[in-house]
Amino acid sequence: MEDEVDRLVAAWRRERPDLDVEPLEVLSRVSRLARHLDRARRLAFSEHSLEPWEFDVLTALRRAGAPYQLSPGQLLTQTLVTSGTMTNRIDRLAKKGLVERLPDPSDRRGVLVRLTDEGRDRADQSLSGLLDQERAILAELSTAQRAELARLLRQLTAPFDNIPG
């Protein structure tokens, strides 16, 4: 079965036979898949009136376990955004009643961000919807193929995820 990347690679091989375009066979597919996944994520989240960034913050808090709270700094680490962006996101989620700010008992100047009951429900429901979408995307692969793909992708992403600082 041919895909768009096969056509792209064939065109580059015809037009630039002097170049080794083999990396495109993998990374162009990863890039295209990322776009398809983004669409699936947006669909799953929109069914629960969430934006992808809202899902990211809410599920970071949900994964923290009871009482479902983290410092803004911990949220920064998990969501890979700047502190200004995180402040804006917390403000917007608090306005919607999905999170609340609480004083940090271990730091008089600090705050903790806690998931509200509604925030937890929305995170749980949207996660279920996302998993349904992702299962459908992976349906063509066997269990062994999914495990092998996960292993190979981990090998590519781990160096980026483990860069100090």
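Glu51 comes out as partly exposed, with a relative accessible area of 39% (buried means under 20% relative accessible area, exposed over 50% and partly exposed in between, with a 1.4 Å probe and protein chains only). This is a predicted model, so to speak only of what was computed: local features need pLDDT of at least 70, side-chain atom pairs count only at pLDDT 80 or more, and totals for chains, interfaces and linings use all residues. Residues are numbered from 1 along each chain as its sequence is written, and side-chain values use heavy atoms, with hydrogens and water left out.

Glu51 sits in the loop between helix 2 and helix 3 (helices are DSSP runs of H or I with at least four residues, strands are runs of E with at least two, and both are numbered from the N terminus). Setting aside residues up to four places away in sequence, Glu51 touches Arg42 and Phe45, where contact means heavy atoms within 4.5 Å. Ser106 is another matter: Glu51 and Ser106 are 55 residues apart in sequence and 32 Å apart in space, C-alpha to C-alpha.

The loop between helix 2 and helix 3 also holds His48 and Ser49. His48 is buried, at a relative accessible area of 19%. With neighbours within four places in sequence left aside, His48 is in contact with Arg122, Gln125 and Ser126. As for Ser49, its phi is positive, about 55°, although Ser49 is not a glycine.

Now for the two helices themselves. Two packed helices are described by the angle between their axes and the distance between the axes. Here, the axes of helix 2 (residues 22-46) and helix 3 (residues 52-63) come within 9 Å and cross at roughly 75°; axes are lines fitted to C-alpha atoms, for helices over the stretch in contact, and angles run from 0 to 180 degrees between N-to-C directions. That makes helix 2 roughly perpendicular to helix 3 (65 to 115 degrees counts as roughly perpendicular, under 35 as roughly parallel, over 145 as roughly antiparallel and the rest as oblique). Helix 2 brings Arg41, Arg42 and Phe45 to the contact, and helix 3 brings Pro52, Phe55 and Asp56. Sorted by type, the residues of this contact are three nonpolar, no polar and three charged (Ala, Val, Leu, Ile, Met, Phe, Trp, Tyr, Cys and Pro count as nonpolar, Asp, Glu, Lys and Arg as charged, and the others, Gly among them, as polar).

Further along comes the loop between helix 3 and strand 1 (69-70), which is where Pro67 is found. The peptide bond from Ala66 to Pro67 is cis, with omega near 10°. Tyr68 lies in the loop between helix 3 and strand 1 too, and its phi is near 60°, a positive value in a residue other than glycine. Tyr68 counts as buried, at 17% relative accessibility. Most residues other than glycine have a negative phi, and most peptide bonds are trans.

Along the principal axes, the C-alpha atoms fill a box of roughly 65 × 35 × 30 Å. Of the 165 residues, 25% count as buried.
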